[in-house]
Amino acid sequence: MICLLFIMMSVVVLAQDKSLDKIWGKYKVTHSKNYTDSEEQYRRKTFEQHVDIIRMHNLEYDLGLHTYTMGINEYADMTREEYGKFLLGARRELSGEDGKSRNKLFQSDNTEVTDDDMDWREYGYVTPIKNQGRCGSCWAFSSTGSLEGQHFRATGDLISLSEQNLVDCCKWNAGCGGGWMDNSFKYVEQNGGIDTEEYYPYQGKETGRCTYNPEDRGSTCDGWVDIPKHESALLKASSQIGPITVAIDAAHQSFQLYKSGVYVEPECSNHTSDHAVLVIGYGSEEGQDYWLVKNSWGTSWGDQGFIKMARNMDNMCAIATYASYPIVKKT
């Protein structure tokens, strides 16, 4: 048995692309990767497979076959199963559909959206890119992102809010096992607030205890607003309100390895979702409309942590299916 294992490991080593040795070494240093000897073999093979996918895709991009590029990021050594387990955590089934707190439906008036583009970063509504790590807490980052924006809208102060507070304390969600954004808003409303990132820092895991301290409160919530399930309503809300929390279908290698440009994925669902992100604006690039989206996977992913997702393409990746934002009253 030991001999067979040795032979199998030797075959894996021999199958490695030696031309990638320096790149692999640089990758490990850049992203602080430390593996056991046995783990390094399959991480290297996963990395090489992704490099091949990136090369082919970008060659096709150069020929005009795609509207976006792919690139190596800190998740290029992550298998498909790990990617789904640790990075995708939007779970609609946890919402319970009760929503009896103080949620409302966004009322879209008859006025036309006059701005061709919007970027809420330019108006001070958006905190820097964060990183959820190996924890399915994307729902918490999407929630705080929208709360941060609405708190700024109400007070003029941009405060980074605590995702760990939500991971540890929101009983309607499942911590690193996933969650739903409206549940976060309900928690903050009923709890009387959410702490700041400074006083309740993110740890990338479930700590097993809730240590919310009202003295360290960064914001409050007075209910939330759900947006009708179509892109025209999302456009109006994102042009008028600020950053909007959304859930998307991100279960594709193309999303895992996205680098720049307008993301168009024909395999994307237009009605089911598994990842929570934040719409912070919209625009057009070379004739293709897009949503400007903030992710929670650090700055090595995408365009410094952001992605432009196709807009007006039959609700691609279900971006308008589950959209909402919290209500923060002016003080």
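Author: Exposed means over 50% relative accessible area, and buried means under 20%. The model here is predicted.

Reader: Why is Glu286 called exposed?

Author: Its relative accessibility is 84%. The cut-off for exposed is over 50%, so Glu286 counts as exposed. Glu286 sits in the loop between strand E9 (275-285) and strand E10 (288-294).

Reader: What makes the phi of Glu286 worth a remark?

Author: Most residues other than glycine have a negative phi. Glu286 is not a glycine, yet its phi is positive, about 50°. Asn312, also not a glycine, has a positive phi of about 60°.

Reader: Why is Asn312 called partly exposed?

Author: The relative accessible area of Asn312 is 48%. Asn312 is found in the loop between strand E11 (306-310) and strand E12 (323-326).

Reader: What makes a set of residues a nonpolar core?

Author: The members must be buried residues of the listed nonpolar kinds, including Ile, Val, Phe, Tyr and Met, joined through side-chain atoms within 4.5 Å. The largest such core has 62 residues, and Ile227, Ile244, Val246, Ile248, Phe255, Tyr263 and Met309 have the most contacts inside it. Strand E9 gives the largest share of this core, five residues. A second, separate core has 24 residues, among them Ala154, Ile194, Ala247 and Ala276.

Reader: Which residues does Tyr263 contact, leaving aside neighbours within four places in sequence?

Author: The contacts of Tyr263 include Tyr68, His252, Phe255, Cys268, Ile307, Met309, Met316 and Cys317.

Note on methods: Residues numbered from 1 in each chain as written. Predicted model: local features only at pLDDT ≥ 70, side-chain atom pairs only at ≥ 80, totals over all residues. Heavy atoms only, no water. Helix = DSSP H or I, 4+ residues; strand = E, 2+ residues; numbered from the N terminus. Buried < 20%, exposed > 50% of the residue type's maximum accessible area, 1.4 Å probe, protein only. Contact = heavy atoms within 4.5 Å.
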